[in-house]
Amino acid sequence: MTERFVTRGFVGRRSAAGDGDAAARVPPGQYLTTDFPVLSAGPTPRTPLERWSLRIDGLVAGPMSWSWEEFRALPARDWTVDISCVTKWTKLDMRWRGVSVDTLLEHVDLDPAAAYVVAWSDGGYTTNLPLGDVLNGGAFVAFEYDGRPLTPEHGGPARLVVPARYFWKSAKWIRGLRIQREDEPSATTTGATSGAKSATTATDATVRTMASPIDWQLATVSAVRDETPSVRTLTLALPAWAGHRPGQHVDLRLTAEDGYSVERSYSIASEPERAGEIDITVERIPDGGVSPFLHEVIVPGDRLEVRGPIGGYFVWESSHGGPLFLVGGGSGVVPLMAMLRHRARSGSGATDRATSRVAARLLFSCRSPDDAIYRPELDALAAADPDLEVVYTFTRLQPPGWSGYARRVDRAMLAEVLEPLGAEARTYICGPTALVEVTANALVGLGLAPDRVRTERFGPSGT
Ligand SMILES: Cc1cc2nc3c(=O)[nH]c(=O)nc-3n(C[C@H](O)[C@H](O)[C@H](O)COP(=O)(O)OP(=O)(O)OC[C@H]3O[C@@H](n4cnc5c(N)ncnc54)[C@H](O)[C@@H]3O)c2cc1C
């Protein structure tokens, strides 16, 4: 779509980035946040400092390695930089302390053929960069953020930071830099969000045309349904929709008359078996720039710019097998619902229902029964299917006579709910950062292989 499409009724909520200097520092399509969102695709590694080391090897005359004490004794400095993430946020003036990559490389002799660097991390994540991008002050290994030790959720004890690149290049939990002659694609297992965009954050308008392989298309809102008092589902009719996989999301773009534009991501709630339309389910964030608009202004017949489907990691299809363990908090249940709806459809038809569906359990954390999105449908699915169980925990308010869980998700609860599925379960966790962190770490502690634990977070950072 080349011409600008103006979203009916959208005037936009101007943040501090709406005008002037701050706006000029926000790349096209990004929105300014004061939060520090946590984004990673699996459990957070926690290597004790006494076992931590940082290594430089590859095309160097002599590999080099530092223990934590040795690394901390290297000359460090403060950095105040703007960071942009492929998930659309930009945060200005982030204050870090760390050791420049230039300082690290002073300790090795680079081979003249050295052209690329691969940063590798605890958890199996690697990220590739041209060597030129990390030299001359282009990158540093940070160990403090905002005057405090870097927390594990944000990549502590140490992470690479490459301010001129989208944040997924800034490998969390860094353990080494491998110098290479050739480039090597990144391996996104647990370390950061994957992204379809090129890694550059240049504010140049060409970024948009270069960066996204996915075109915007116009969806018509064909139905609107309230799920809970603060959550509603929009059905979007998409004539040019190529189909999606359960767990993927779309981007929505709203544009005001004056050109002011914002984008947000929303998981697809519906199963891929429904052709030509998708559901998205949106929680109303009271002071939000987009979700209140989707609640208060949008009516059937309105048109919205959409692109997608996006994401290939937080995806489950029936062909992946099971057992399937889903843990959701609040609106984090949305992509999990797509998986359950797909699972329900995959066993029907000519195939034998009993054998074609994998055993599945959903542990759903909600504040109260009224906040349990899709509850009637979830209960009906479970009632009709002996291999599916939906377990609720109501953390603030329980229904009269409730004998189920009434606390936040914890290790003991996870052990109980996981038990019938066993440690081979394919696990998908989605919700606020705190829930995702607790759950992913507890499940790894309970013996699940980290590569079977996939996470997605869409709340605030909680830090
Ligand atoms: C891959 C992905 C999938 C997503 N899927 C969904 C989905 O299916 N349904 C859905 O409702 N949202 C989903 N989100 C979140 C969504 O993209 C928006 O962030 C959310 O709707 C808030 O946007 P906003 O413009 O209303 O608020 P903003 O203007 O972005 O934020 C306003 C304030 O609220 C805080 N905030 C943002 N999100 C939350 C939250 N969830 N809870 C509490 N505080 C918050 C911000 O930190 C900020 O302080 C998803 C996000 C991602 C990255």
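A residue is called buried if 20 or more other C-beta atoms lie within 10 Å of its own, exposed if 12 or fewer do, and partly exposed in between, with C-beta atoms placed from the backbone. This tour uses those words throughout.

**Before starting**

The structure is a predicted model, in which local features need pLDDT of at least 70 and side-chain atom pairs count only at pLDDT 80 or more, while totals for chains, interfaces and linings use all residues. Residues are numbered from 1 along each chain as its sequence is written.

**The whole chain**

Of the 463 residues, 43% count as buried. Two residues are in contact if their C-beta atoms, placed from the backbone, lie within 7 Å. Among contacts between residues at least 6 apart in sequence, 73% join residues at least 24 apart.

**Stop 1**

Select residues 333-346, which form helix H7. The helix has 14 residues and reaches 20 Å from its first C-alpha to its last, close to the 20 Å expected at 1.5 Å a residue; the expected span is 1.5 Å times one less than the number of residues. Is H7 mostly covered or mostly uncovered? The helix is mostly covered, as 13 of its 14 residues are buried.

A nonpolar core is a set of buried Ala, Val, Leu, Ile, Met, Phe, Trp, Tyr and Cys residues joined through C-beta atoms within 7 Å. The largest such core has 68 residues, and those with the most contacts inside it are Ile280, Leu326, Leu336 and Leu362. H7 gives the most to this core, with eight residues. The core draws at least three residues from each of domain 2 (212-310) and domain 3 (318-457), where the bounds come from an automatic or database domain assignment. In soluble globular proteins, nonpolar side chains tend to be buried together.

Now centre on isoleucine 280. Leaving aside neighbours within four places in sequence, isoleucine 280 is in contact with residues including Thr233, Val250, Tyr266 and Ala269. A second, separate core of 32 residues includes Trp96, Trp120, Trp173 and Leu177.

**Stop 2: a sheet of six strands**

Select strands E12 to E17. They form an open sheet in the order E15-E14-E17-E12-E13-E16, with antiparallel pairing; two strands pair if DSSP finds at least two bridges between them. At the edges are strand E15 (261-267) and strand E16 (277-283), each pairing on one side only. The twist averages 40° from one strand to the next, with axes being lines fitted to C-alpha atoms (for helices over the stretch in contact) and angles running from 0 to 180 degrees between N-to-C directions.

Within this sheet, strand E12 (residues 217-228) and strand E17 (residues 303-310) run antiparallel and are joined by four bridges. Glutamine 217 has valine 306 in E17 as its bridge partner.

**Stop 3: a sheet of five strands**

Move to the open sheet with the order E3-E2-E11-E6-E7, in which the pairing is mixed. Strand E3 (64-67) and strand E7 (126-130) stand at the edges with a single partner strand each, so one side of each has no neighbour in the sheet. Here the twist averages 15° from one strand to the next. Strand E2 (residues 53-58) pairs with E3 in the antiparallel sense over four bridges, and leucine 54 stands opposite tryptophan 66 in E3.

**Stop 4: single residues**

Select aspartate 133, in helix H4 (residues 131-134). This residue is partly exposed, with 19 other C-beta atoms within 10 Å. Not counting residues up to four places away in sequence, aspartate 133 touches Gly138, Ala139, Val162, Ala164 and Arg165. Tyrosine 116 is 17 residues from aspartate 133 in sequence and 9.0 Å away in space, C-alpha to C-alpha.

Continue to asparagine 136, in the loop between H4 and strand E8 (140-145). Its phi is near 55°, a positive value in a residue other than glycine. Asparagine 136 is exposed, because 10 other C-beta atoms lie within 10 Å.

Finally, find proline 157 in the loop between strand E9 (148-149) and strand E10 (159-161). A cis peptide bond joins glycine 156 to proline 157, with omega about 15°.

How values were computed: Helices (H or I, at least four residues) and strands (E, at least two) are DSSP runs, numbered from the N terminus.
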